[in-house]
Amino acid sequence: MNAVRIPTPLRSLPSVPLSGSTRRPRPPPPLLPKAMRASMRDRSKNRKPLQKGRTLSIEAIQAVQALKRAGGKGPRSLELARRSAFGRLLKGDMIAVLRELLRQSRCDLALEVFEDIRKEYWYKAQVMLYAEMFSVFAGNGLFEDVKLLYLYLRTEDNIEPHLEGFNSVLRTFMSFSLVELATDCYYFMKEIGCEPDRSSFRILINGLESMGEQVASAKLREEAQKYYGGSLEFLQETEEMICQS
């Protein structure tokens, strides 16, 4: 008769030491080539932070690309791209597309999409946006388009009297010797209740005198004296000094 084998109690089993001597050491990770390590460090150091307002959504990027492709294929293709790729965007993306086209100096496309934006129910004229467009269009020598955009500005309903924006417009006009537009813009400001400040007069008067427009300059000096009295010493101040005062 076979004897019954009784299992050994757990507490009587010999304990197995868990010392480091029984483990096989893990091999160190392979070293990257020196050039690759330096490249990765440099990339992390040079990575630029995202700038607020400069990032585009995927839909906006696709719209910019579609407009640029269609722009080289003729008016019909561009019209289709404006309706499909651009027309279905939200308000923020439409403005972002316009500013991206301005950044790339694609003035032809920027003018097209701006005319579409003006037809949107939510559209409200912003002087600063006009100032951006004037600067880019004039910088590219498209002065006829600048005049067209200024006509749009002139016919906007309920435009806010944004003094900083108008001063930026005046600065662009004077920088490109667009004297008639600059002087007309000055009177347009007053029509809508945007009273000129010292920067406005400094931009106009100094610009006119530098171009030999003494008659127009003298008239604006009289206007400035109505606001600030007989002393016009601020005309000799820099832009920074005017802003700080």
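Mentor: A crossing is left-handed if the near helix is turned anticlockwise from the far one by less than a right angle, and right-handed if clockwise. The model is predicted: local features need pLDDT of at least 70, side-chain atom pairs need 80 or more, and totals for chains, interfaces and linings use all residues. Residues are numbered from 1 along each chain as its sequence is written, and side-chain values use heavy atoms, without hydrogens or water.

Start with H3 (residues 75-86) and H5 (residues 107-117). Helices here are DSSP runs (H or I, at least four residues), numbered from the N terminus. The crossing of H3 and H5 is right-handed. Their axes lie 12 Å apart, at an angle of about 55 degrees. Axes are lines fitted to C-alpha atoms over the stretch in contact, with angles from 0 to 180 degrees between N-to-C directions. H3 and H5 are therefore oblique (under 35 degrees is roughly parallel, over 145 roughly antiparallel, 65 to 115 roughly perpendicular, the rest oblique). From H3 come Leu78, Arg82 and Phe86. They meet Leu109, Glu112, Val113, Asp116 and Ile117 of H5; contact means heavy atoms within 4.5 Å. That contact has five nonpolar, no polar and three charged residues. Ala, Val, Leu, Ile, Met, Phe, Trp, Tyr, Cys and Pro count as nonpolar, Asp, Glu, Lys and Arg as charged, and the others, Gly among them, as polar.

Now H6 (residues 127-139) and H7 (residues 143-154). Their axes come within 8 Å and cross at roughly 165 degrees. H6 and H7 are therefore roughly antiparallel. H6 passes H7 in a left-handed crossing. On the H6 side sit Tyr130, Met133, Phe134, Phe137 and Ala138. Their partners in H7 include Phe143, Val146, Leu149 and Tyr152. Asp145 of H7 takes part too. By class, the contact of H6 with H7 holds 11 nonpolar, no polar and one charged residues.

The buried residues of H9 are Val179, Leu181, Ala182, Cys185, Tyr186, Phe188 and Met189. Buried means under 20% relative accessible area, exposed over 50%, partly exposed in between (1.4 Å probe, protein chains only). H9 (residues 179-191) has 13 residues. Its first and last C-alpha lie 19 Å apart, close to the 18 Å expected at 1.5 Å a residue. Just after H9, Gly193 takes a positive phi of about 85 degrees.

Note on methods: Helix = DSSP H or I, 4+ residues; strand = E, 2+ residues; numbered from the N terminus. Expected span 1.5 Å × (residues − 1).
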